[in-house]
Amino acid sequence: MPGDRGPVMSLFEPTDDLARASALRHVKALAKELLGADPHDVVVVDELACGQPDCPPIETVILLIRNGYPPRQVKVPKRAVDVTADDIRDAATAAPDGPPR
């Protein structure tokens with residue numbers, strides 16, 4: 001057909017989105033346990049891109065929001081699908097506010 005460009009290719013395939021969502025949920029569950037979050041605390045996990053030359057292209061950022069305390073941010077320099085419990089422990093210990101409370 002004239003003007004038909006064929007199938008449109010997506011930057012992210014649906015299976016990639018499902019794997020990423022599953023990995024983010026897994027990292028969130030690990031972070032809640034390892035950072036000592038209680039049921040009233042909020043834990044947010046996401047992957048962020050960095051365009052600076054001195055940082056990884058994608059990092060997983062974990063934010064712990066606890067009532068009465070400043071938010072705590074932990075960064076793991078890899079995609080969520082590659083993050084392990086040891087990565088979270090190491091990043092939490094190296095974070096400016098120290099090891100998990």
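The accessible surface of the protein comes to about 7100 Å², and 58% of that area belongs to carbon and sulfur atoms, with areas taken from the Shrake-Rupley method using a 1.4 Å probe and, for residues, only the protein chains shown counting as cover. This is a predicted model, in which local features need pLDDT of at least 70 and side-chain atom pairs count only at pLDDT 80 or more, whereas totals for chains, interfaces and linings use all residues. Residues are numbered from 1 along each chain as its sequence is written, and side-chain values use heavy atoms, with hydrogens and water left out. Of the 101 residues of the protein, 28% count as buried, where buried means under 20% relative accessible area, exposed over 50%, and partly exposed in between (1.4 Å probe, protein chains only).

**Architecture**

- The protein has two helices and three strands, which follow one another from the N terminus in the order α-β-β-β-α; helices (H or I, at least four residues) and strands (E, at least two) are DSSP runs, numbered from the N terminus.
- Among the contacts with a separation of 6 or more, 38% are accounted for by residues 24 or more positions apart, a contact being heavy atoms within 4.5 Å.

**Nonpolar core**

- The largest nonpolar core has 18 residues, and those with the most contacts inside it are Val27, Leu35, Val43, Val45, Ile62, Val74 and Ile88; such a core is a set of buried Ala, Val, Leu, Ile, Met, Phe, Trp, Tyr and Cys residues joined through side-chain atoms within 4.5 Å.
- At least two residues of this core come from each of H1, strand S1 (42-49), strand S2 (58-65), strand S3 (72-76) and helix H2 (85-94), and H1 gives the most, with six residues.
- In soluble globular proteins, nonpolar side chains tend to be buried together.
- Once its neighbours within four places in sequence are left aside, Val74 is in contact with Leu35, Thr60, Val61, Ile62, Ile88, Ala91 and Ala92.

**Disulfide**

- The count comes to one disulfide, the criterion being a pair of cysteine sulfur atoms within 2.5 Å.
- This disulfide joins Cys50 to Cys55 with an S to S distance of 1.7 Å, and the link is left-handed, with -100° about the S-S bond.
- Cys50 is partly exposed at a relative accessible area of 24%, and Cys55 is likewise partly exposed, at 22%.

**Individual residues**

- Glu59 lies in strand S2 and counts as buried because its relative accessible area is 13%.
- Not counting residues up to four places away in sequence, Glu59 touches Asp46, Glu47, Leu48, Lys75, Val76, Pro77 and Lys78; the C-alpha atoms of Glu59 and Leu48, 11 residues apart along the chain, are separated by 5.5 Å.
- Arg25 lies in helix H1 (residues 14-34) and counts as exposed, with 57% relative accessibility.
- Between the C-alpha atoms of Arg25 and Asp46, which are 21 residues apart along the chain, the separation is 9.6 Å.

**Nonpolar surface patch**

- Val42, Val44 and Ile65 make a nonpolar surface patch of about 210 Å².
- Patches are made of residues with over 30% relative accessible area and no salt bridge, with like charges joined within 9 Å and nonpolar side chains (Val, Leu, Ile, Met, Phe, Trp, Tyr) within 5 Å; a salt bridge is a side-chain nitrogen of Lys or Arg within 4 Å of a carboxyl oxygen of Asp or Glu.
- Val42 lies in strand S1 and, at 40% relative accessibility, counts as partly exposed.
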